[in-house]
Amino acid sequence: MLNDRSQLLFKNLMGLYLNDGKPVGSTTLAKLPDIGLSSATVRNVMADLEKMGLIHSPHTSAGRVPTDTGYRLFLDSMLTYEPLSQQKQASIRNELSVGLNQDDLLESASKVLSGITGMTSLVLMPNKQQEVLKHIDFIQLGANRVLVVLVFNDQDVQNRIIELEKPFSGDELQQTANYLNEHCLGKNLAEAKQFLMSRMDTIRSTTNEFMSSIVQATDFVLESQLAQKMPFLVSGKTNLLNYQELASSEKLKALFNSFEQHNEMVSLLDKSMQAQGVQVFVGHECGNEIYQDCSIITTPYEVEGEILGVLGVVGPSRMNYQRVVPRVDMTAKILSSLLKK
């Protein structure tokens, strides 16, 4: 626990460093109007804060900057967040496209979050293997064209237009839809895919060519849904160029490679799914020395109490947390409400 004097000086040091990005000296702090202490007293308190591991001097005779431990103390006990204005919330909601399917909406959220924070955004995608098939339908578009419509988890719709060699009737479409709804509804994607594969030979031998073609097309849509390209989306990587502490070619290369490698970032995002609300990871808390001088802010998004994934941002540890944290939190809440719709 810090006494009032130490807390006052540490909080002011944090404010100056987050704003300017330069080591803060005792003389600079002593000149602040609300400090009211001599330079000698300030130096003694700074020395105590350094012994406690809250600040350190990056260079000999330089001022002090916060350590990861200092950031953690500041974030947990000294920082307050104000909710976003109704106007800003409406702006975020308007930027997200309500009419898109789940994957497109998540991609839109990733881009919006990157834009409103000036950071690199991350969105952990839902586990496609566990999506449950809720409805199958076929819509006749012409003599030989059919729209295959699959609904997953009540909020994700995938569709594909197929061309058949021969004309078909509405009764044939309905018959096929009834068969697939009877046998596949309530199964997750992997189970539905396995069922169709196990019955494909039987379907070919016992049904007409039309039904066999439709079932194959349905299987293809399931396969496309399961073939998730990336476990998470990344937007705004070049935003990191705007921050001096991250802008070296070696640092950026390491960060960009970490986004491509997936494993460690997925592990961190998975951990965020187990927590409630916004999580802030600073420096070594991110799990790899690559993220030294970085902070990662995450929060889950959900539908009807079920957590589907996580969204967040990566940026410098020296960021405006009061501005960024509410934006991450509100984007997740708005995304959850749109997914529910």
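**Close-up views of a predicted model**

**Figure 1. Pairing of S3 with S10.** Strand S3 (residues 120-124) and strand S10 (residues 306-316) run antiparallel and are joined by five bridges. Ser121 has Val313 of S10 as its bridge partner, and Leu124 stands opposite Val310 in S10. Of the eleven residues of S10, nine are buried, so this strand is largely enclosed by the rest of the structure. In a regular strand, side chains alternate between the two faces of the sheet.

**Figure 2. The S9-S10 hairpin.** S9 and S10 form a hairpin, with two residues between the strands. Glu304 lies in the turn and has a positive phi of about 50°. Among the paired residues is Glu302, whose bridge partner in S10 is Ile307.

**Figure 3. The three-stranded open sheet.** A sheet of three strands, also open, has the order S4-S5-S6 and antiparallel pairing. Strand S4 (133-140) and strand S6 (156-163) are the edge strands, and each pairs on one side only. From one strand to the next, the twist averages 15°. Helix H7 (residues 170-184) packs on this sheet, where H7 touches S4 and S5. The direction of H7 makes about 170° with that of S4.

**Figure 4. Pairing of S4 with S5.** Seven bridges join S4 to strand S5 (residues 145-152), and the two strands run antiparallel. Leu133 has Phe152 of S5 as its bridge partner.

**Figure 5. The nonpolar cores.** The largest nonpolar core contains 75 residues. Phe10, Leu106, Met265, Ile297, Tyr321, Leu335 and Leu339 have the most contacts inside this core. Helix H12 (residues 321-340) gives the most to the core, contributing ten residues.

**Figure 6. The whole chain, for orientation.** The protein chain has twelve helices and ten strands. Its radius of gyration is 27 Å, whereas the globule rule gives 20 Å for 341 residues; the chain is therefore more spread out than a compact globule. Along the principal axes, the C-alpha atoms fill a box of roughly 90 × 40 × 30 Å. Buried residues account for 47% of the 341 residues. Among contacts with a separation of 6 or more, 61% are between residues 24 or more positions apart. The accessible surface of the chain comes to about 17,000 Å², and 47% of this area belongs to carbon and sulfur atoms.

Conventions. Residues numbered from 1 in each chain as written. Predicted model: local features only at pLDDT ≥ 70, side-chain atom pairs only at ≥ 80, totals over all residues. Heavy atoms only, no water. Pairing = 2+ DSSP bridges. Helix = DSSP H or I, 4+ residues; strand = E, 2+ residues; numbered from the N terminus. Core = buried A, V, L, I, M, F, W, Y, C linked by side-chain atoms within 4.5 Å. Buried < 20%, exposed > 50% of the residue type's maximum accessible area, 1.4 Å probe, protein only. Rg over C-alpha atoms; globule rule 2.2 N^0.38 Å. Contact = heavy atoms within 4.5 Å. Areas by Shrake-Rupley, 256 points an atom, 1.4 Å probe, with all protein chains shown as cover. Axes fitted to C-alpha atoms, helices over the stretch in contact; angles between N-to-C directions.
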